[in-house]
Structures are given as structure tokens and as C-alpha cells.
Amino acid sequence: MTKPDKTLDRIRDRLTAALKPESIEVVDESGMHVGHAGAIPGKVTHVRVLITAEAFQGKSRLDRHRMVNDLLNHEMSAGLHALAIVPKAPGE
Amino acid sequence: MSIQDFIKNEVTGNDVVLFMKGTPQFPQCGFSGQVVQILDYVGAPYKGINVLDSAELRQGIKDYASWPTIPQLYVKGEFVGGADIVREMFQAGELQSFLAEKGVKVAAKV
């Protein structure tokens with residue numbers, strides 16, 4: 001089922017523009033959380049981001065997560081409930 | 001006492017503190033539950049604080065470490081990370097060494 005929700009596209013565009021990733025995958029996991037707190041039927045509320053970018057080279061785990069969090073701040077305030085991040089530098 | 005003072009007291013007064021949704025016995029969120037399982041597995045004694053008890057705390061903890069999500073793990077007053085980071089550290093074997101470095105005694109495994 002395709003969702004009219006453009007959250008995934010917005011997340012991908014924003015991270016791609018800011019971090020120039022080698023690869024990026026934005027996965028909607030909202031369906032795995034149906035009935036849980038924060039889940040809103042038909043809305044993208046739970047997202048997993050797998051991102052490989054040179055920008056993460058030499059950065060700590062905490063720093064990498066903060067870089068992504070900071071870019072997606074507005075999504076969190078706009079109803080995104082859970083954001084799982086798998087940040088890697090090329091070659092990791 | 002302000003909510004920020006309350007949080008500071010908790011994270012400096014206890015070696016390991018987990019701000020979570022629900023309690024260690026009854027986590028009410030999958031991410032909080034994962035961190036509980038990991039801490040229990042490594043045998044680290046910790047204090048679980050349920051942010052669902054207070055809307056002020058739920059927002060306050062996000063402001064405290066400028067971190068937008070819950071759970072949040074603190075060791076000796078220092079913010080360690082959320083569920084992703086704790087899981088990555090655990091899988092890499094770094095969580096155990098990190099706790100040891102910080103002087104947190106973990107229970108011996110049976």
C-alpha cells in the first residue's frame with residue numbers, strides 16, 4: 001500500500017543534500033508498531049535510516065547520530081515518533 | 001526543584017540511569033525494552049526512570065542532553081546514547097568495557 005505521506009521523501013532529500021551519502025535507505029517501519037504508542041494509522045511515524053557517508057569519517061557514534069537528528073529535528077516536532085539510525089562511514 | 005535539576009541529581013547521584021518508557025519490569029516501548037534487556041544481560045545495576053509518569057520529565061529529558069528520543073542512558077552523569085547506540089556498543093563488546101572503564105561493577109554471569 002502506498003502512503004500519501006511524503007515523510008520518507010523529505011527525510012531522504014534532506015539527508016542527501018546535507019551529507020552527500022554514498023548510499024542511503026529510508027525505511028518505513030510504522031507498520032511494525034501498529035497499536036503501539038506513537039503509531040498513527042496511515043502515517044509514517046517509525047522510520048529507520050541506513051546511511052553511509054564520508055561525513056561520518058572519524059566521528060563518534062554519538063556525533064553521527066546527532067548529525068542526523070539535528071537535520072531531522074523538524075520531522076520529530078511534526079509527528080515522527082521514532083527514528084532509528086544506522087550511520088556508517090565508507091568501508092565500515 | 002526544576003526538572004533540569006531533578007535530572008541532574010538523578011544522573012549524578014546514580015552510576016547508571018535509564019530514562020525510559022515504562023519500567024524495567026514492564027517496558028512500554030520496544031526501544032526501551034531493548035536497552036533493559038541489554039543492561040540486564042551485561043549485569044549492570046541501573047535505575048530506571050519512567051518518563052511516562054510526567055509530561056514535564058518527558059520533555060525535560062529531551063532538552064537535558066539535546067536528544068530527541070527516549071530511551072536515554074546515562075553513566076556517571078554522562079549521556080551515553082539512545083537505543084541504537086547502546087545496541088551498537090553492546091554488539092561491538094564496547095558497552096562492557098565502557099562500564100568497566102567508568103568503574104561500574106557488573107554482576108558476574110552465572
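How many residue pairs are in polar contact between chain A and chain B?

*Solution.* Five residue pairs, with both partners at pLDDT 80 or more. A polar contact here is a pair of N or O atoms within 3.5 Å; within protein, one must be able to donate a hydrogen and the other to accept it, and residues adjacent in sequence count only if both atoms are side-chain atoms. On chain A, the elements giving two or more residues to the side that touches chain B are strand 2 (46–52), helix 2 (61–71) and strand 3 (82–88). Helices (H or I, at least four residues) and strands (E, at least two) are DSSP runs, numbered from the N terminus.

**Ground rules.** This is a predicted model, where local features need pLDDT of at least 70, side-chain atom pairs count only at pLDDT 80 or more, and totals for chains, interfaces and linings use all residues. Residues are numbered from 1 along each chain as its sequence is written, chains are lettered from A and ligands numbered from 1 in the order in which they are written, and side-chain values use heavy atoms, with hydrogens and water left out.

**Exercise 1.** Describe the interface of chain A and chain B by contacts, area and residue class.

*Solution.* 
- Step 1, contacts: 15 residues of chain A touch 17 residues of chain B, where contact means heavy atoms within 4.5 Å.
- Step 2, area: the two chains bury about 1300 Å² between them, with 55% of it on carbon and sulfur atoms. Buried area is the accessible area (1.4 Å probe) that two parts lose on being put together, summed over both.
- Step 3, main contributors: on the chain A side, A:Arg61, A:Leu62 and A:Arg66 lose the most area to chain B, together 41% of what that side buries.
- Step 4, salt bridges: the rule finds two across this interface. It asks for a side-chain nitrogen of Lys or Arg within 4 Å of a carboxyl oxygen of Asp or Glu.
- Step 5, one pair up close: B:Glu88 and A:Arg61 meet through their side chains at 2.9 Å, N to O. A:Arg61 and B:Glu88 also belong to a salt-bridge network with B:Glu94.
- Step 6, class: the chain A side that touches chain B has seven nonpolar, five polar and three charged residues. Ala, Val, Leu, Ile, Met, Phe, Trp, Tyr, Cys and Pro count as nonpolar, Asp, Glu, Lys and Arg as charged, and the others, Gly among them, as polar.

**Exercise 2.** Is A:His65 buried or exposed, and what does it touch?

*Solution.* 
- Step 1: find A:His65 in helix 2 of chain A.
- Step 2: its relative accessibility is 2%, so A:His65 counts as buried. The cut-offs are under 20% relative accessible area for buried, over 50% for exposed, and partly exposed in between (1.4 Å probe, protein chains only).
- Step 3: skip neighbours within four places in sequence, and A:His65 contacts A:Ile85, A:Pro87, B:Trp67, B:Asp84, B:Ile85 and B:Glu88.
- Step 4: now widen the view. Buried residues of helix 2 of chain A include A:Arg64, A:Val68, A:Asn69 and A:Leu71. The buried residues of this helix pack against helix 1 (7–19), helix 3 (73–77) and strand 3 of chain A, plus helix 4 of chain B.

**Exercise 3.** Check the span of helix 2 (residues 30–42) of chain B, then see what covers it.

*Solution.* 
- Step 1: the helix has 13 residues and reaches 19 Å from its first C-alpha to its last, close to the 18 Å expected at 1.5 Å a residue. The expected span is 1.5 Å times one less than the number of residues.
- Step 2: its buried residues include B:Phe31, B:Val35, B:Ile38 and B:Leu39.
- Step 3: their cover includes strand 2 and strand 3 of chain A. Chain B's own share includes strand 1 (16–20) and helix 5 (94–101).
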